[in-house]
Amino acid sequence: MSANYTENMNGTQFTSSCFNTVAQRIAEIVAYCLLFVVSLVGNTLIGIAVYKTKALRKPINFLIVNMAMSDLLYPISLFPNNVVWLHTGSWLFRGLLGKALCKLVPFFVETSIVVSVQSLVLIAVDRFGAVFYPLHGPLISSKLCRFFILATWIIAMAGWCINLFAFNVVEYPEGLACKRTWNDAFGKYFLFETYIVVMNVVFRYIPFIFVAIIYVAIAAKVKSLKAPGEQRVNSRERRLKKEKSVLKMSVAIVLVFAVCWLPHTIDMKYSESLESTKDM
């Protein structure tokens with residue numbers, strides 16, 4: 001009787017575990033698909049709005065579009081791969097195509113993040129010029145903006161082109177996997193941990209500290225501005241309202257970006273610590 005009861009309980013636990021695993025997998029796939037659609041529609045609409053509305057064709061809006069396009073690259077590169085992995089538990093493609101995609105997916109993902117961070121820095125610089133030097137031309141003109149946008153992509157691709165060499169398709173008994181084979185590509189003379197620390201400091205921590213300082217200075221400047229006299233009250237108030245609204249939008253973009261990327265950063269650091277532990 002006791003043996004039958006234990007066997008029934010184990011069977012129930014196994015069935016419940018399988019059900020929970022399948023339900024979790026379905027939920028994750030649905031979440032990825034939903035995020036993919038929202039990101040695709042939202043970022044595409046930003047680009048279309050700026051392109052079709054002449055009044056919006058300003059450097060700051062071009063930088064926002066640049067950020068939107070880089071943010072769009074992330075789900076396009078990563079989400080389909082993650083959905084396939086959740087469904088099959090294996091890397092889907094073999095041969096030259098599989099090897100190329102294995103290298104390009106992490107390359108585009110990291111490029112997307114760096115381009116977005118650089119765009120946030122340029123937006124902050126543009127707002128700084130508009131608030132502190134309102135009578136001068138913009139610090140980032142339309143022509144200069146095009147150069148900076150191109151530069152953000154070149155810098156990001158140059159910084160993370162190492163992923164084109166570090167990732168490869170590895171075959172296990174359970175199936176294929178796209179793995180970082182750092183030691184095979186660079187040996188032990190070029191440490192992965194050192195490279196990641198440098199990239200995080202240069203492209204994440206320093207930019208966010210810089211942006212935070214810029215916006216604190218802008219907020220202090222806007223707060224200190226007062227309308228000098230009756231004749232220029234209306235024009236000064238209109239300009240202040242405009243600057244405050246743009247400032248709020250810029251700060252909101254930075255905060256949303258930081259909050260959305262915080263889980264990814266924590267997960268990445270945890271994964272890196274696991275990898276370093278395995279290599280020891």
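**Note on the aromatic contacts and fold of a predicted model**

1. The charged end of Arg57 lies over the ring of Tyr51, 5.9 Å from the ring centre. A charge sits over a ring if NZ of Lys or CZ of Arg is within 6 Å of the ring centre and within 35 degrees of the ring normal.

2. On the basis of the note: this is a predicted model, in which local features need pLDDT of at least 70 and side-chain atom pairs count only at pLDDT 80 or more, while totals for chains, interfaces and linings use all residues. Residues are numbered from 1 along each chain as its sequence is written, and side-chain values use heavy atoms, with hydrogens and water left out.

3. The protein has eight helices and two strands, arranged along the sequence in the pattern α-α-α-α-α-β-β-α-α-α. Helices (H or I, at least four residues) and strands (E, at least two) are DSSP runs, numbered from the N terminus.

4. Strand E1 (residues 167-172) and strand E2 (residues 175-180) are antiparallel partners joined over six bridges; strands pair if DSSP finds at least two bridges between them. Val169 stands opposite Cys178 in E2.

5. Aromatic pairs number 10 in this model. Rings of Phe, Tyr and Trp (its six-membered ring) pair if their centres lie within 6.5 Å; planes under 30 degrees apart count as stacked, over 60 as edge-to-face and the rest as tilted. One of these pairs is Tyr32 with Phe79, which is edge-to-face, with 5.2 Å between centres and 65° between planes. Because Tyr32 lies in helix H1 (residues 2-52) and Phe79 in helix H2 (residues 59-88), this pair ties together parts that are 47 residues apart in sequence.

6. Phe79 is buried, at a relative accessible area of 11%, whereas Tyr32 is partly exposed at 24%. Buried means under 20% relative accessible area, exposed over 50%, and partly exposed in between (1.4 Å probe, protein chains only). The rings of Phe147 and Phe148 have centres 5.7 Å apart and planes at 55°, so this pair is tilted. Phe148 is partly exposed, with 26% relative accessibility.

7. Ring pairs also connect Trp160, Trp182, Phe186, Phe192 and Tyr195 into a cluster.

8. Of the 280 residues of the protein, 36% are buried. Among contacts (heavy atoms within 4.5 Å) between residues at least 6 apart in sequence, 76% join residues at least 24 apart.
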